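Please read them alongside the coordinates.

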Amino acid sequence: MASPLEQFQVKPYVPISVGHVDLSFTNSALWMLVAVAAVYWLVMAGTRQHALVPGRLQSVVELSYEFVAGMLRDNAGKEGMRYFPLIFTLFMFILMGNMLGMIPGSFTFTSHIIVTFFMAVAVFIGVTALGIYLHGAHFFSLFVPKGAPKAMLPVLIPIEILSYCVRPISLSVRLFVNMMGGHTMMKVFAGFIGALGAYFVIPGIFPLLITVALTGFEFVVAFLQAYIFTVLTCIYLHDAIHLH
Amino acid sequence: MTQDDRPPPFSDFDARLKRLRAGEKGAADEEKEGARSPLNFGSGLQAGIEMIAGVAGGLLLGWALDAWLGTRPLFLIVFFVLGAGAGMLNAFRSLRRLSAEGSKKDPDA
């Protein structure tokens, strides 16, 4: 029987290596391209008609736009709307990656820490650079807690700096853990169906029922984790623009 | 009412939309009255990840500094404590944000 972790294996399709760096085109890269193509097709096909009363596809695109725009306005304020293209791209890419991962036999690239960590570090560096660009040295007042007694500052400032610097870790680990954990659990329970059902057909139904429930649950997680990643990016953006 | 196939005029569209939206919001607020705490299992998991990230980040930084400066285990201990503090701070902020978000309003409901 296949291992439940086999689904996470990165397989090179076109081996490419530059010097000692392995740049092979893998199944992970393939599904990222598929995700980008799917989002591109969705938005392009959805906005082709400009109907006053939107059709199905146009509704999906309009809903996604309003959802992300509302999220950005609520969490980063009006000034945050300038960065809408970035946030929308991020949300659609992660959402599409998570959703494509629900297709049996496909590859979930968001279940790899290196992918989510790279996205989180990119967000972190971008937001920090933006904060320094907007506020100059004043940006570092973000690390001085307001209303704290002076004597406590030598302890509080390192804690604040550290809590700022571990943001990419928690941001990436959250997405990766949820995607990997959920997919592993689904495979484990699906494996029980065969293992149990081969001998006793009736008890084999129970893991099947659980797998059905887990599949639904995974769709919720796929959406929710894309939402959480994006919402936290908006909040970090808010910190960089408004300094609390 | 007479049968009329023409769509309703657009002149009062804004007013009608505003009225509908207000009604929707009112209904949602009333429903929220009996709602439970906005925190759930997921928020606990989030807070846990924040804390672990804080400790792990602190440990990693301390270990790297020690390896670089050869002061093992000084920075490992210092940054473990600071990282734990940072993790708790992040967990606290995340929980506060989640509970404020839940009790204020549902943005997409």
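**Notes on the model**

1. Chain B holds three helices and zero strands, and its order along the sequence is α-α-α. Helices here are DSSP runs of H or I with at least four residues, strands are runs of E with at least two, and both are numbered from the N terminus.

2. This is a predicted model, in which local features need pLDDT of at least 70 and side-chain atom pairs count only at pLDDT 80 or more, while totals for chains, interfaces and linings use all residues. Residues are numbered from 1 along each chain as its sequence is written, and chains are lettered from A and ligands numbered from 1 in the order in which they are written.

3. In chain B, 20% of the 109 residues are buried. A residue is buried if 20 or more other C-beta atoms lie within 10 Å of its own, exposed if 12 or fewer, and partly exposed in between, with C-beta atoms placed from the backbone. Among contacts in chain B with a separation of 6 or more, 69% join residues 24 or more positions apart; a contact requires C-beta atoms, placed from the backbone, within 7 Å.

4. Helix α2 of chain B covers residues 41-69, 29 residues in total. From first C-alpha to last it reaches 42 Å, close to the expected 42 Å at 1.5 Å a residue; the expected span is 1.5 Å times one less than the number of residues. Its buried residues include B:Gly54, B:Gly57, B:Gly58 and B:Gly62, along with B:Gln46 and B:Glu50. Just after α2(B), B:Gly70 has a positive phi of about 70°.

5. The contact between the chains takes 16 residues from chain B and 14 residues from chain A. On the chain B side, α2 and α3 (74-104) each supply at least two residues, and α2(B) gives the most, with eight residues. By class, that side of chain B has seven nonpolar, seven polar and two charged residues. Ala, Val, Leu, Ile, Met, Phe, Trp, Tyr, Cys and Pro count as nonpolar, Asp, Glu, Lys and Arg as charged, and the others, Gly among them, as polar.

6. Chain A has seven helices and four strands, with the elements running β-β-β-β-α-α-α-α-α-α-α from the N terminus. Its C-alpha trace spans about 70 × 55 × 45 Å along the principal axes. Of its 244 residues, 29% count as buried.

7. Helix α5 of chain A (residues 153-165) has 13 residues and reaches 18 Å, close to the expected 18 Å. A:Ile159, A:Leu162 and A:Ser163 are buried in α5(A). Seen down the axis, the buried residues of α5(A) fall within an arc of 100°, so they line one face of the helix; the arc is that of the directions from the helix axis to the C-beta atoms.

8. The largest nonpolar core has 50 residues, of which A:Ile87, A:Phe91, A:Ile94, A:Cys234 and A:Leu237 touch the most other members. Such a core is a set of buried Ala, Val, Leu, Ile, Met, Phe, Trp, Tyr and Cys residues joined through C-beta atoms within 7 Å. Beyond four places in sequence, A:Cys234 has contacts that include A:Met71, A:Leu72 and A:Ile87.

9. A:Ser28 sits in helix α1 (residues 27-46) of chain A. A:Ser28 counts as buried because it has 22 C-beta neighbours inside 10 Å. Leaving aside neighbours within four places in sequence, A:Ser28 is in contact with A:Val10, A:Phe107, A:Phe109 and A:His112.

How values were computed
Two residues are in contact if their C-beta atoms, placed from the backbone, lie within 7 Å.
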